[in-house]
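Open the model in your viewer and follow the stops below.

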Amino acid sequence: LVESVRLIQENELETIQRWISFVDHIEEEIIPFCSGRLKKRLGDGLLIDFVEPRDACTAALRIQERCVADNRERGPSDQFILRMGIDVAQVFEDEHDLYGHGVNRAARLMAIGRPGDILISSDARALAVADLDARFEDLGDCYLKHVTEPVRTYRVFLPGESTTISPAPAMLTLNPTLAVMPFSPRKFYSDHVIIGEIISDELIHLFSASPI
């Protein structure tokens, strides 16, 4: 759930009740029909296990549709916006949790998504495309936190759904952020390093004085 902290801070009881009701609907009305099981509630997130990646995609799209429907009667700042990540791998399990590299990769995929995104690894996509009423946008190789190799990643959409997702309402007021790093010379010369630092300092001074 995107910006769950803000939502709870603004209206704690209502947000918690809405989230619990939403998760109950997912557990009772969506997951059982997609060969899945809700393994863990994470406060503002869910860990769900499926038999096949196709089932995971189907469930993710149905969850997204339900979320959009629930948002229609609410103002922009009160809407629930979700991010989801899907991967395929062997996992290890006990009575409390699922463990393994695939669980971590799914969480990392979710973390790099924009508000409203469903992201899936290429391994999971290869097993999900058959008979799935959805389309995929290739995002190329994505580097995930604490994952050594890049992961080929796709964004999942319903047919006819726009690939352009509007930012969450609370994000519209954020100012752009820019990081300026000193130039790094191909060959080390002390005077070149100084020039790079001077240029970066001047750029920082220039941008910091900008009205936007």
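Which helices and strands each supply at least two residues of the lining of the largest pocket? They are α2, β2 (46-50), α3, β3 (84-86) and α4 (101-112); helices (H or I, at least four residues) and strands (E, at least two) are DSSP runs, numbered from the N terminus. This is a predicted model, in which local features need pLDDT of at least 70 and side-chain atom pairs count only at pLDDT 80 or more, while totals for chains, interfaces and linings use all residues. Residues are numbered from 1 along each chain as its sequence is written, and side-chain values use heavy atoms, with hydrogens and water left out.

Select α4 next: six residues of the lining, the largest share, come from this helix. Then pick L46, L47, I48, G85 and A106, which lie nearest the centre of the pocket.

Now show α2 (residues 12-30) with α3 (residues 53-71). Their axes (lines fitted to C-alpha atoms, for helices over the stretch in contact, with angles from 0 to 180 degrees between N-to-C directions) come within 11 Å and cross at roughly 140°. That makes α2 oblique to α3 (under 35 degrees is roughly parallel, over 145 roughly antiparallel, 65 to 115 roughly perpendicular, and the rest oblique).

For the side chains here, select R18, F22, H25, I26 and I30 in α2, which meet A59, R62, I63, R66, C67, D70 and N71 in α3; contact means heavy atoms within 4.5 Å.

Note on methods:
1 Å grid on protein atoms, 1.4 Å probe; cavity = no way out; pocket = protein on both sides within 12 Å on 5 of 7 lines; lining within 4 Å.
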